[in-house]
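Open the model in your viewer and keep the selection tool at hand.

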Amino acid sequence: MELSRMLKFPSAHAFSEARCRRTMATPGRFVPLMPPSRIALSDRKSCYKPLANGTHLLKAVQTQHQTQIQHEAAKPVISKKNDVLWRFLRPFAFYAGSIQFFCVLARRLVDNPQTFKSLNWTICIKILAVLTSLVCTYFFTSGVNQISDIETDKINKPDLPLSSGELSIESAWAIVMSFLAVSLLAAGALSSMSFLASIFCLLLVGGVYSIPPFRTKASTVGAPITIALMKGFVDFFAIFAGAGVVLGLPFQMSLPMVYMSIFTTIFCLANGILKDISDIEGDIKNNIPTLATIIGARKTLIIGTGIHILNHFGCVLAAIIRPEAIKCSIVIPVHIISALFLLSQVWKIHSVNYESVQSRKLYSSLWLVYVVQYILLPFV
């Protein structure tokens, strides 16, 4: 009886009652089942007598229910195995990189309106080649980072394919080296030394960040600086050079482009510092000396937030000083809203005692702010 009650299955007496009510129908004619309240008292007592096979029937129902639970539990595993490659590639890099490229391309068109006359169908091929090279570069750096982080990801991000064991290291290396080759081939096919050099530098910095013996991500100071170079300075110049290749323009930056390159570099530096907060548990267990493991999550959050606020303030100041080159009506409100949004997210982390899940949400939401800045670039 206790087992029936715990699993919320009908008891043997309930099966007996149901059987008793079914037998009240005469052979050859259907008689509606009577509710238990209308059954005579003597019949009720006889119905509550346990059947000889009641226990076997209960066990059969329980076995069927357990089989159904196991079948349902197996479904998510199957769906996960179907998207192992997609989760390994971290598709956010694909979305963000594509948006960044088209926004810089639009800005270069705004700065050089004469190029509209020379647009033709061959530009589509060039755009495809530039995007292929950029995206494959992002996939390479992200994949190499996961390969080098298997032990820490088992603690910090156990759902990733490598840390969960769904993807082998050998397969992962084969994938990332394929992306490396495609990236360089696509960049070389465009016959632009500036774009090829920037892609090579982006690959190099991404490898230095993750691969021993360099592995700057294990350095307290080297990690945020490398992230600033990789995702800010070098990445921006690769995108800028790619847009120039598509439009046939020289490598010459306007003031809005200089403003954007400085903002992205400082932004990625601050994000590289804040990133360590969400990974602090795994870094401590694997003896990785990040800023968060040395001075603590609270002080790291203050430093990273301070750099972000100064970055937004600097952009507002640049718009005030050079209003003829940078539109105050767009830059000032956007950066003020971004700064207030950052402070609200920081307060949430503080209120939950620097929980890693909330810290990871902050890191992800700030990259959305980063993408928004690119979207506004053509209008600045």
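Helices here (H or I, at least four residues) and strands (E, at least two) are DSSP runs, numbered from the N terminus. This is a predicted model, in which local features need pLDDT of at least 70, side-chain atom pairs count only at pLDDT 80 or more, and totals for chains, interfaces and linings use all residues. Residues are numbered from 1 along each chain as its sequence is written, and side-chain values use heavy atoms, with hydrogens and water left out.

**Stop 1: the largest pocket**

Select Arg90, Phe92, Ser142, Lys231 and Tyr363; of the 32 residues lining the largest pocket, these are the closest to its centre. A pocket is an open set of points on a 1 Å grid over the protein atoms alone, where a 1.4 Å probe fits and protein lies on both sides within 12 Å along at least five of seven lines; lining residues have an atom within 4 Å of a point. The space in the largest pocket is about 990 Å³, a volume being the space filled by probe spheres set on the points, which are joined across faces, edges and corners.

Next, colour H18 (356-376). H18 gives the largest share of this lining, 6 residues. Other helices that supply at least two residues each include H6 (92-111), H7 (122-148) and H12 (222-247).

Now colour domain 1 (83-252) and domain 2 (254-379) separately. Why does the largest pocket lie between them? Both domains give residues to its lining, so it lies between the two. The domain bounds come from an automatic or database domain assignment.

**Stop 2: the second largest pocket**

Select Tyr259, Ile262, Gly314, Cys315 and Ala318, which lie nearest the centre of the second largest pocket among its 13 lining residues. H13 and H16 (297-321) are the elements that give two or more residues to that lining, and the largest share, 6 residues, comes from H13. This pocket holds about 160 Å³ of space.

**Stop 3: helix H17**

Select residues 328-351, which form H17. From first C-alpha to last, this 24-residue helix reaches 34 Å, close to the 34 Å expected at 1.5 Å a residue (1.5 Å times one less than the number of residues). Then show the side chains of its buried residues (under 20% relative accessible area, 1.4 Å probe, protein chains only); among them are Val331, His335, Leu342, Gln345 and Ile349. Finish at Asn353, which follows H17 and has a positive phi, near 60 degrees.

Definitions and conventions:
Buried means under 20% relative accessible area, exposed over 50%, partly exposed in between (1.4 Å probe, protein chains only).
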